[in-house]
Structure formats: structure tokens, C-alpha cells
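Please look over the model shown here and keep it in view while reading. The paragraphs below go through some of its features in turn.

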Amino acid sequence: NWDLFYSADGGVTWDTIQLDIPTSQLSYDWVMPDQPTAQGRVRVIQDNADQNYLDISMNFSILPNTSPPTLDAPANDTVIECNTGNQAAAIQAWLDNHGGASATNFCGDLLWTNDFPGLSNECGATGSALVTFTAVDDCGLTMTNATLTVVDTHAPTINSPPDDVFVESDGQGNIAALNSWLNTHGGAQASDECSNVIWTNNYIALTDDCGAT
């Protein structure tokens, strides 16, 4: 079998790359170490029962990576349904995932940041924001943009319907009772996941029955 070794100091010390590679395999993909050197060497040994075969390369150099991170996938726009109870968590999850962006070929540690400014002020808790995600390493940075949009596509929910009301005519239009009924939405209750509920009604006037009824 083949055994492969690597030296960063011109052959003074050796580290194992891979042992027991089948002799039928005539190539090997090696992930180079990220430590620069001008004295890199590779040693190849073929283990045999009678005699081993050995070959050592000349010195080669591994240069430091001076390029910025490579953007493999850009950030993606996202649309989140408005819900004041859990939309903050959904937004944070999108930000923490860099909008789905990924970067490779970085030197040292890779740090992601974003400039999320908060949502624009639209109806309820909806809005949008253009977010720039920045990947930074020891050698530079790369950026990608995506838009976060929070929408409200669900109407308010009527939790309990209004009730009919009957009052005895006072001859003056029963204004106090009428206004009380209108102002309390006939006793109806409604809720919405995204914003406060605003009530309106289409009352114009009573039908013209007998007297003030």
C-alpha cells in the first residue's frame, strides 16, 4: 500500500497525510495545511513484503491566502407572515443564517455581520428592510444584499359576533342607547395577529316606521 507524509521544514519532521492507500489508487486529493512555508515536501512510501519504495519531493512553497472570502451563495430575499408573537424570532433566525448566504476560501476566522436597521413603518407590525450581510476574514471582506419583508395577509378574526338590540322608543330617537350599541360594536369582539383592530360601522339612520320607531 501507499503511505503519504508531509513536512513543513524540508524533511526534518514528518506528519502523516494518509496510510494504507491501495496500490491501485494512483492519485490522491490532499487538503493543504494553511500554514505558509517555503520548505514543504511530500514523501511517498510503498510498503512491500520484501522491499519498500521511497520517493521525496523537492521543496515547494505554500503561500498565505491574501484574497477576501469567496461568496458561494448570495443572501436570499424572504417574506415573513406578520405575527407579533413570533415574527421577531423568525427575523432573527434569518439574520443569524446570513439570509442563506455562504462563503469559503477564507483565511483565519470568518465573521458575519449585518446592518439590519429595523422594519419600515407600514401598517401594523409589517414593513420591509434591505439588509447587507458582510463576511470578513483576516484578508478582506465580501458583501451580499437581500430584502426582508413582513406582510399581513390575514384579516382580523371575529371572536364573537354582534348582538341585536331592542329598546323601547323614547320619542327622541333613543340616541344614548343607539350610540352605546354602536360604540361597543354591538358587543362583538375581534382580534388580529399583526395589529390593533379598528372598528367601523355603516349606520346611517333608522328606517322610517311609525312615530319615532
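**Backbone, pocket and surface**

His98 lies in the loop that runs between helix H1 (87-96) and strand S8 (102-104). This is a predicted model. The backbone angle phi of His98 is near 55°, a positive value in a residue other than glycine.

Another residue with a positive phi is Asp20, where the angle is about 60° although Asp20 is not a glycine. Asp20 is part of strand S2, which covers residues 15-21.

Next comes the empty space in the model. Rolling a probe the size of a water molecule over the atoms shows where such space is left. The largest pocket has a volume of about 350 Å³. It is lined by 13 residues, and those closest to its centre are Val165, Val167, Asn174, Leu178 and Leu206. What kinds of residues make up the lining of the largest pocket, nonpolar, polar or charged? The lining has 9 nonpolar residues and 4 polar ones, with no charged residue.

Two of the residues named for the pocket, Val165 and Val167, also belong to a nonpolar patch on the surface, together with Trp181. The accessible area of Val165, Val167 and Trp181 together is about 250 Å².

Is Val167 buried, partly exposed or exposed? Val167 counts as partly exposed because its relative accessibility is 48%, and this class lies between buried, under 20%, and exposed, over 50%.

Note on methods. Residues numbered from 1 in each chain as written. Predicted model: local features only at pLDDT ≥ 70, side-chain atom pairs only at ≥ 80, totals over all residues. Heavy atoms only, no water. 1 Å grid on protein atoms, 1.4 Å probe; cavity = no way out; pocket = protein on both sides within 12 Å on 5 of 7 lines; lining within 4 Å. Points joined across faces, edges and corners; volume = space filled by probe spheres on them. Nonpolar A, V, L, I, M, F, W, Y, C, P; charged D, E, K, R; others polar. Helix = DSSP H or I, 4+ residues; strand = E, 2+ residues; numbered from the N terminus. Patch = residues over 30% accessible without salt bridge, like charges linked within 9 Å, V, L, I, M, F, W, Y side chains within 5 Å. Areas by Shrake-Rupley, 256 points an atom, 1.4 Å probe, with all protein chains shown as cover. Salt bridge = Lys/Arg side-chain N within 4 Å of Asp/Glu carboxyl O. Buried < 20%, exposed > 50% of the residue type's maximum accessible area, 1.4 Å probe, protein only.
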